[in-house]
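Please walk through the model that follows with attention to the cut-offs behind each term. The paragraphs below take up local features one after another.

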Amino acid sequence: MKKNEMKITDLYSLEHTMAKPLLEEYEYPWEVLPHIGEFIRELGESLPKSEYANPTEGIWIHKTAKVAPTAGIIGPVVIGPAAEIRHCAFIRGKVLVGANAVVGNSSELKNVILFDNVQVPHYNYVGDSVLGYKAHMGAGSITSNVKSDKTLVKVHAADGDIETGLKKFGAMVGDQVEVGCGSVLNPGTVVGKNANIYPLSSVRCCVDADSIYKKQGEVAQKEAR
């Protein structure tokens, strides 16, 4: 994947998120990570009180959303229409959960934008990341958001590295991506639209749109239907 293939407009359909105004301000999706919390606070204050409950400061939950009583939520957080927050989910701040999204049992989110219809349904960790429309994380798959040597994260594009200036950066996952069970998306991973990641993968690169990641160095293009 080249640098000009991982811009916000290449990865995401912005009509499927309340974060559209934020994303439209930037070229690359990781550029929004330092601004998610502030945006959510401003968004929450603007939401209609007739549609959103505000049970405590910094938390806005649509009245059609289902939130398990065992879920833990720390603001700022916006949870959209018909979203489902299941048993023992942990949302620990700076999180936008889109319409019809699912945050499953024992899943944890931090500094994340989930577009509409995203599913992180079973034992997932997603931090400092953006997941596009209808993206799905298989059971136990996670984003790793800090390098083991604690250095700043680079994005390794096919035509050269991009310096992000970020210590914490998980993954930018495009629309309708399927991440297989037990996979790890390492810091700085970018996955293009409609790509599939094989189960138990450790992804340390950028994955082209409409491709199938089998293992490092083995990526196949999907056949046209």
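Helices (H or I, at least four residues) and strands (E, at least two) are DSSP runs, numbered from the N terminus. By that scheme, asparagine 186 is found in the loop between strand 19 (184-185) and strand 20 (189-191). This is a predicted model, in which local features need pLDDT of at least 70 and side-chain atom pairs count only at pLDDT 80 or more, while totals for chains, interfaces and linings use all residues. Residues are numbered from 1 along each chain as its sequence is written, and side-chain values use heavy atoms, with hydrogens and water left out.

Burial is judged by relative accessible area, where buried means under 20%, exposed over 50% and partly exposed in between (1.4 Å probe, protein chains only). Asparagine 186 has a relative accessible area of 9%, so it is buried. Contact means heavy atoms within 4.5 Å, and on that criterion asparagine 186, leaving aside its neighbours within four places in sequence, is in contact with Ser144, Gly170, Ser202, Val203 and Arg204.

The space in the largest pocket comes to about 210 Å³, a volume being the space filled by probe spheres set on the points, which are joined across faces, edges and corners. Strand 15 (residues 153-157) gives the most to the lining of the largest pocket, namely 3 residues. By residue class, the lining of the largest pocket holds 5 nonpolar, 6 polar and 3 charged residues, where Ala, Val, Leu, Ile, Met, Phe, Trp, Tyr, Cys and Pro count as nonpolar, Asp, Glu, Lys and Arg as charged, and the others, Gly among them, as polar.

The aromatic side chains come next. Rings of Phe, Tyr and Trp (its six-membered ring) pair if their centres lie within 6.5 Å, and planes under 30 degrees apart count as stacked, over 60 as edge-to-face and the rest as tilted. A search of the whole structure finds 3 such aromatic pairs. The ring centres of tyrosine 12 and phenylalanine 115 are 5.0 Å apart with their planes at 25°, and the pair is therefore stacked. This pair links distant parts of the chain, 103 residues apart, with tyrosine 12 in the loop between helix 1 (8-11) and helix 2 (20-23) and phenylalanine 115 in the loop between strand 10 (108-114) and strand 11 (119-122). Tyrosine 12 counts as buried at 3% relative accessibility, and phenylalanine 115 is buried at 0%. Tyrosine 28 and tryptophan 30 are also stacked, because their ring centres are 4.8 Å apart and their planes lie at 10°. Tyr28 and Trp30 form one aromatic cluster together with Phe169.

Threonine 17 lies in the loop between helix 1 and helix 2 and is buried, with a relative accessible area of 9%; not counting residues up to four places away in sequence, threonine 17 touches Leu23, Leu96, Ile113, Phe115 and Asp116. Asparagine 117, in the loop between strand 10 and strand 11, has a positive phi of about 65° although it is not a glycine. Lysine 134, for its part, touches Asp116, Asn117, Val118, Gln176 and Val177, again not counting residues up to four places away in sequence. Lysine 134 is partly exposed, because its relative accessibility is 40%.

Two strands pair if DSSP finds at least two bridges between them, and 3 bridges join strand 1 (residues 52-56) to strand 2 (residues 59-62), which run antiparallel. Within that pairing, alanine 53 stands opposite isoleucine 61, and in the hairpin, which has 2 residues between the strands, glycine 58 takes a positive phi near 85°. The peptide bond from glycine 75 to proline 76 is cis, with omega near 5°, and proline 76 lies in the loop between strand 4 (72-74) and strand 5 (77-79).

Terms used:
On a 1 Å grid over the protein atoms alone, a cavity is a set of points where a 1.4 Å probe fits but cannot get out, and a pocket is an open set with protein on both sides within 12 Å along at least five of seven lines; lining residues have an atom within 4 Å of a point.
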